[in-house]
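Please look through the sequence and the model shown here before reading the report.

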Amino acid sequence: MGYLSSLLSSRDYVLPATLLLLALLSTVLALGVQQARSQRRRSISAPTDVPRFEKRKADNQGRVAGQWTPSSFKFPKPPPYPEWYLGSTKPLPYRAFRYGPKYNVTMGLRSVRHEDWIQLDSHFPKFHNDKARRIAERAEKCCHTAPEAYPAAMELLQELTDYLPARYPTLFRRTPVGIDNLWSGESFNIIEHPLKEDPIAICARLTQDDLALMMEKPDGQYYLLSGAILLAGFWRLEDKLGMPLSEIHTSGDVPQFKEKLESGMKKFFTRLNCEDLYTRNNYFIQVDDSLPWSWSIGDEDSNEVSWSTAEKNKAIEHHFFRSERQSLRRLPRTGAVVFTIRTYFHPITEIAQEDYVPGRLASAIRSWGPDVSRYKGKERYEDVLLEYLDKEHQKQVERGLDMEKEDDVRQYPW
């Protein structure tokens, strides 16, 4: 449309009526195709489509570290998720990897609509049951709220109680005292005192996401003070609880954190407004089929876990693609930053059947530098995995897949 507008606005060019009609028809058809793709992917709108709210100075300016003036911002009530059904709405096809030759370490944040805060799909029953079992078996090792973070955990519970029945009315129902899960039959009373369990644990039962609450202290740093980390695969809440943001990352040897991420991340947390909602994606390879904890890197209760314990070059059927969709927003009443971590978990043999995926994933893995390769355990699986991906890519090319049309089908993070 921008190209057509520039032609019509030119003083030196007059478009014949027939060509104008053809151009308009082409534009309408292109928009129709674009809309169809958007509906098929149930894609999050681009940043330019995100509603902008007036920034409130109380959120970010002139504030003493560790002190928070409650904001009057109210998270918008979302519309129902279009055609959402527990039995048939598939997980969104996040394929958050890029072609090489260079792998860039960035925060990779994207602004999204408020309605897309929490994403649920047909995998909800498995996630729900895995979480319930983990809460029963591991209790505070997986779910814990420090006393100073209790108001923030309660605020998050209230936010989810308002959001979920509006967004997923066939799964949740708002009640005078809380929220009902129509599939599981669970009823949650969020106004009784005391609550039956930690509010962050109740939040975990309502979503497919792991959850973390970061709160600012007088030193200006954000600390992990409440979390429900039940399906993280590679890290444990008990190891990180109470740590400041930077130490969480340095203790996990996140590649290039000090050089490329720390400064920008601190500024982001300080400046984050209640009106903002951001997401980011990442991905890993896992060589066992356990969503809650990747036992191939060691027993969950071991003092040390590492890729060194993983069996090298297992058969391709044991390789899984693990992708996280993370969201960040600030709660208006307490000022806590909510970090949600939704995991998507699929066999490599499944996603490699999708057009363009095996070639792009192989290129992405080859682009990892030595530090990223160590962090992601590449040495334990690269031979088998890359050989398989290359063969599947070649099959796609031989059957006529047009590589020049990839951008029409898949664009990051899809």
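Predicted model: local features only at pLDDT ≥ 70, side-chain atom pairs only at ≥ 80, totals over all residues.

Residues are numbered from 1 along each chain as its sequence is written, and side-chain values use heavy atoms, with hydrogens and water left out.

Seven strands form an open sheet in the order 1-8-9-10-6-7-2, with antiparallel pairing; strands here are DSSP runs of E with at least two residues, and helices are runs of H or I with at least four residues, numbered from the N terminus. Two strands pair if DSSP finds at least two bridges between them. The edges are strand 1 (110-111) and strand 2 (143-145), each of which pairs on one side only.

| Strands | Bridges |
|---|---|
| strand 2 and strand 7 (residues 222-228) | three bridges |
| strand 6 and strand 10 | six bridges |
| strand 6 and strand 7 | six bridges |

Within these pairings, His144 stands opposite Gly227 in strand 7, Met214 stands opposite Val337 in strand 10, and Leu213 has Ser226 in strand 7 as its bridge partner. Strand 6 and strand 7 form a hairpin with five residues between them, and Gly220 in the turn has a positive phi of about 85°.

Strand 6 is largely enclosed by the rest of the structure, because eight of its eight residues are buried (under 20% relative accessible area, with a 1.4 Å probe and protein chains only). In a regular strand the side chains alternate between the two faces of the sheet. On one side of strand 6, Asp209, Leu211, Leu213 and Met215 are buried, and on the other Asp210, Ala212, Met214 and Glu216 are buried too.

Notes
Buried < 20%, exposed > 50% of the residue type's maximum accessible area, 1.4 Å probe, protein only.
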